[in-house]
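Please keep the sequence and the structure in view while reading.

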Amino acid sequence: MDKKLEDMKNEYLSIPVPDELEKRTLKSIKRHRTLKGISHNAIFLAASILLLITTVNISPAAASTLADIPFLNKVIKVVTIAEWKETKENSQLNLKTPKVTGLENEALSHTLNQQYVQESKELYAKFQQETANEAGNYSLESGYIVKTDDALIFSLGRYTTEIKASAAETIHYVTIDKQNELLITLPSLFKDESYINSISKYILNEMNQQIKAETGNYFIKNQNDPDGFEKIDSSQNFYINTNHQLVICFDEYEVAPGYMGTIEFPIPTEIIKDHLVSDLYIK
């Protein structure tokens, strides 16, 4: 590795990361949006925008309708700010660090992006540790995928695939309300925790149906498998798809054998509609 590349690597790995990511995320969720950049030559348009945004803040239901108005649509993009590829004798690294752009909520944007930097640093360190003695084959890859990007919802997943003796894939999603620039959490969608049992019951039924049909195999909690799946966590990994349907997600090996990969269960809205705070996000 030449000196210039080495300097670039050291600069990248020295990017500071805040110690309290969780606190900053919670703070960003509570932060209110502010109006910026209204042209002095467009007073009438500015007044109209102010009226519309005020309406959105007062009535969440109005946001769904207003999201279809072109000049209110926001453009959020994900770019790769760093990509590291490294090959050793029996090992390979392919590491992409995403950056979310286009958010006016600087606290939310900063928190997400610094978290992605932190994750990349940890993955890079893991690769160096795993390949220190050059023994065995090892591969580590991390990238990202945009699941939903419409006028209201932006769902981004970051995946990591690790191949050693066997392969294991994990993926974590973040879902953002583009109009109000808020991070959507699973509990925030529901009135109370009763959604946990309703969703879990549906997923267990789907698992059993697939087992009977021999189209899937799952680790289900019973006397033979006390550590198997029983119910989702209150903050289970999820995203909202292009049909504005809730999708519950599990990492590879979390609820099924590795050959099934990562697992997703789209949840029919009628199953959870009585538990939802509103129909703004889930249709």
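This is a predicted model: local features need pLDDT of at least 70, side-chain atom pairs count only at pLDDT 80 or more; totals for chains, interfaces and linings use all residues.

Residues are numbered from 1 along each chain as its sequence is written, and side-chain values use heavy atoms, with hydrogens and water left out. The protein chain has 7 helices and 9 strands; these are DSSP runs numbered from the N terminus, with at least four residues of H or I for a helix and at least two of E for a strand.

**Overall figures**

- Of the 283 residues in the protein chain, 42% count as buried; buried means under 20% relative accessible area, exposed means over 50%, and partly exposed lies in between, with a 1.4 Å probe and protein chains only.
- The protein chain has an accessible surface of about 15,900 Å², and carbon and sulfur atoms hold 51% of it; the areas come from the Shrake-Rupley method with a 1.4 Å probe, and for residues only the protein chains shown count as cover.
- Among contacts in the protein chain with a separation of 6 or more, 60% are between residues 24 or more positions apart, where contact means heavy atoms within 4.5 Å.

**Strand pairing**

- Strand S1 (residues 77-87) runs antiparallel to strand S2 (residues 91-101), with 10 bridges between them; two strands pair if DSSP finds at least two bridges between them.
- A hairpin of 3 residues joins S1 to S2, and Lys 85 stands opposite Asn 94 in S2.
- S2 also pairs with strand S3 (residues 138-149), in the parallel sense and over 5 bridges; Leu 93 has Leu 140 in S3 as its bridge partner.

**Nonpolar cores**

- The largest nonpolar core has 32 residues, of which Ile 199, Ile 203, Ile 232, Leu 246 and Ile 248 touch the most other members; such a core is a set of buried Ala, Val, Leu, Ile, Met, Phe, Trp, Tyr and Cys residues joined through side-chain atoms within 4.5 Å.
- Helix H6 (195-212), S7, S8 and S9 each give two or more residues to this core, and H6 supplies its largest share, 6 residues.
- Leaving aside neighbours within four places in sequence, Ile 248 is in contact with residues including Leu 186, Ile 199, Ile 203, Phe 238 and Ile 263.
- A second, separate core of 12 residues includes Ile 76, Val 78, Val 100 and Tyr 116.

**Aromatic pairs**

- The whole structure holds 6 aromatic pairs; rings of Phe, Tyr and Trp (its six-membered ring) pair if their centres lie within 6.5 Å, and planes under 30 degrees apart count as stacked, over 60 as edge-to-face and the rest as tilted.
- Tyr 173 and Tyr 239 form a tilted pair, at 4.6 Å centre to centre and 45° between the planes.
- This pair links distant parts of the chain, with Tyr 173 in strand S5 (residues 167-177) and Tyr 239 in strand S7, 66 residues apart.
- Tyr 173 is buried at 6% relative accessible area, and Tyr 239 is buried at 6% relative accessibility.
- The pair of Phe 250 and Phe 265 is edge-to-face, because the ring centres are 6.2 Å apart and the planes stand at 80°.
- Phe 250 lies in strand S8 and Phe 265 in strand S9, 15 residues apart; both residues are buried.
- Ring pairs join Tyr 218, Phe 229, Phe 250 and Phe 265 into a cluster.

**Salt bridges**

- The whole structure has 8 salt bridges, each a side-chain nitrogen of Lys or Arg within 4 Å of a carboxyl oxygen of Asp or Glu.
- Glu 83 and Lys 85 form one of them, at 3.9 Å from N to O; Glu 83 is partly exposed at 39%, whereas Lys 85 is exposed at 60%.
- Glu 162 and Lys 126 form a salt bridge at 3.0 Å, N to O, which links strand S4 (residues 153-163) with helix H5 (residues 106-130) across 36 residues.
- Glu 162 counts as buried at 18% relative accessibility, and Lys 126 is partly exposed at 31%.
- Glu 130 and Lys 164 form a salt bridge at 2.8 Å, N to O.
- Glu 130 lies in helix H5 and Lys 164 in the loop between S4 and S5, so this pair ties together parts that are 34 residues apart in sequence.

**Backbone at two loop residues**

- His 244 has a positive phi of about 55° although it is not a glycine; His 244 is in the loop between strand S7 (238-240) and strand S8 (246-250) and is buried at 10% relative accessible area.
- Tyr 253, also not a glycine, has a positive phi of about 75°; Tyr 253 is in the loop between S8 and strand S9 (263-266) and is partly exposed at 40%.
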